[in-house]
Amino acid sequence: MLTSITDGIMCCITGRALNVVGAIDSVESSDGYDYIEVKPGRILRVKHIVPSRSAAEEEEERKENVAVEEEGEGGEVSGKGVVHCKRKISVYRNGQVVIENLGDVIRSEILHCQNGNTEPGSTVEIELSDANITSPQANGAVLEQGSAKRRKRKPKKTVVIDCKKRITSCKGTHSDVALFFIHGVGGSLDIWKEQLDFFGKLGYEVVAPDLAGHGSSTAPKIGAAYTFYALAEDMRAIFRRYGKKRNILIGHSYGVSFCTFLAHEYPDQVHKVVMINGGGPTALEPSLCSIFNLPTCVLHCLSPCLVWSFLKAAFARQGAKEKQLLKEGNAFKVTSFVLQAMMSGQYWPEGDEVYHAELTVPVLLVHGMHDKFVPVDEDQRMAEILLIAFLKVIDEGSHMVMMECPETVNTLLHEFLLWEPEITATEQTEAKQTTENK
């Protein structure tokens, strides 16, 4: 504590940030890590696990691919696991948003999730001003006379989504599948240790980067290097380098925003998304009244208190085990300058409710019940906005639920990777008509 205060005073006197990591020379793979230069002098550490596959596994995968190609003959997406994604999003001048779901019903028995059904013709209404969401009205019923009158007004913006997506089981034996793990503010790829080991042993190709200024990635000395857009472009570069045909994005906290960004930018390549304690579908904007607006030197002096506060808020229990997990995961060990720049750089006005409503990728939302950073109602709101979403609340977990309850999280994620939608009534009718035509 005394050392921290002394260093903070020296920081104020010299006007320089402390312990800012400089660029490293080598970008070669070392000890299971890749060091990727996404921009000149901007190097990210990446954990990349590439499994070895047997000849039998490759032959099994080849047969599965042939079967899928035969189902999809004719140029249209059809066959097992195909979902008709159709919804209409209307934005009115008073901030009201009306979302009408017109596509297939998605069912999932294995996940037992709270938002597992997307009813055809259901309607969700929200207000962008305060983001209040009413319960979905089943079967397209007329809401109320007042609501009906409001709908007659011409919307300021209308977005129509009408496409078919094939959602398939993603096994560790599939060479066209890659898992991306993206951490949040103050963390590192080490917080995913249990997940990386688990899925690596199952045969999945795994990619986990350190964000700039975190872990062993370089830490630029300018605040602009830590804006949402700068970090999102870093993740785009990593995704384009390691991405496969079917990619699953797993994000935690702030990392969820980058998963959403990539899913929106690459809808054909992102197959599924997992959001762990990511919060509601609202545009990012830094808080004007925050402790992170204090001078860097003051934050450095307060760093022991911040770490203690993080431990109290991020874990359901604050015992020796949790302290050790925090130490091993390199969580909250970034410099005061990087922490301040990360918090003030969270500006992303495009990532609002409409942006999230446009996603057609299946999403699993995982929430730790004792999370003091993200209230559960925010993830519930996210589940209502997304087209295909499943919400799972883990009673024993908090903000760092993947470290607190690794077995539960790993099992849940694996079930979601293997999940594929049951055939709907619409698909059964279409399949029958196709058979009769033949």
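This is a predicted model: local features need pLDDT of at least 70, side-chain atom pairs count only at pLDDT 80 or more; totals for chains, interfaces and linings use all residues.
Visitor: Which residues is Lys312 in contact with, leaving aside its neighbours within four places in sequence?

Guide: Those residues are Gln318 and Lys372. Glu322 lies 10 residues from Lys312 along the chain, and a distance of 9.8 Å separates their C-alpha atoms.

Visitor: How are two packed helices described?

Guide: One gives the angle between their axes and the distance between the axes. Take H4 (residues 193-201) and H14 (residues 406-418): the angle is about 45 degrees and the axes are 10 Å apart. The two helices are therefore oblique to each other, and their crossing is right-handed. On the H4 side, the contact is made by Glu194, Gln195, Phe198 and Phe199; H14 contributes Pro406, Val409, Asn410, Leu413, His414 and Leu417.

Visitor: How do the residues of the contact of H4 with H14 divide?

Guide: Six are nonpolar, three polar and one charged.

Visitor: At what angle do helix H5 and helix H6 pack?

Guide: H5 (residues 228-242) and H6 (residues 255-265) pack at about 60 degrees, with axes 10 Å apart. That angle makes H5 oblique to H6, and the crossing of this pair is right-handed. In H5, Phe228, Leu231, Ala232, Glu233, Met235, Arg236 and Phe239 meet Ser257, Phe258, Phe261, Leu262 and Glu265 of H6. The residues of this contact comprise eight nonpolar, one polar and three charged.

Key: Residues are numbered from 1 along each chain as its sequence is written. Side-chain values use heavy atoms; hydrogens and water are left out. Contact means heavy atoms within 4.5 Å. Axes are lines fitted to C-alpha atoms, for helices over the stretch in contact, and angles run from 0 to 180 degrees between N-to-C directions. Helices (H or I, at least four residues) and strands (E, at least two) are DSSP runs, numbered from the N terminus. Angles under 35 degrees count as roughly parallel, over 145 as roughly antiparallel, 65 to 115 as roughly perpendicular and the rest as oblique. A crossing is left-handed if the near helix is turned anticlockwise from the far one by less than a right angle, and right-handed if clockwise. Ala, Val, Leu, Ile, Met, Phe, Trp, Tyr, Cys and Pro count as nonpolar, Asp, Glu, Lys and Arg as charged, and the others, Gly among them, as polar.
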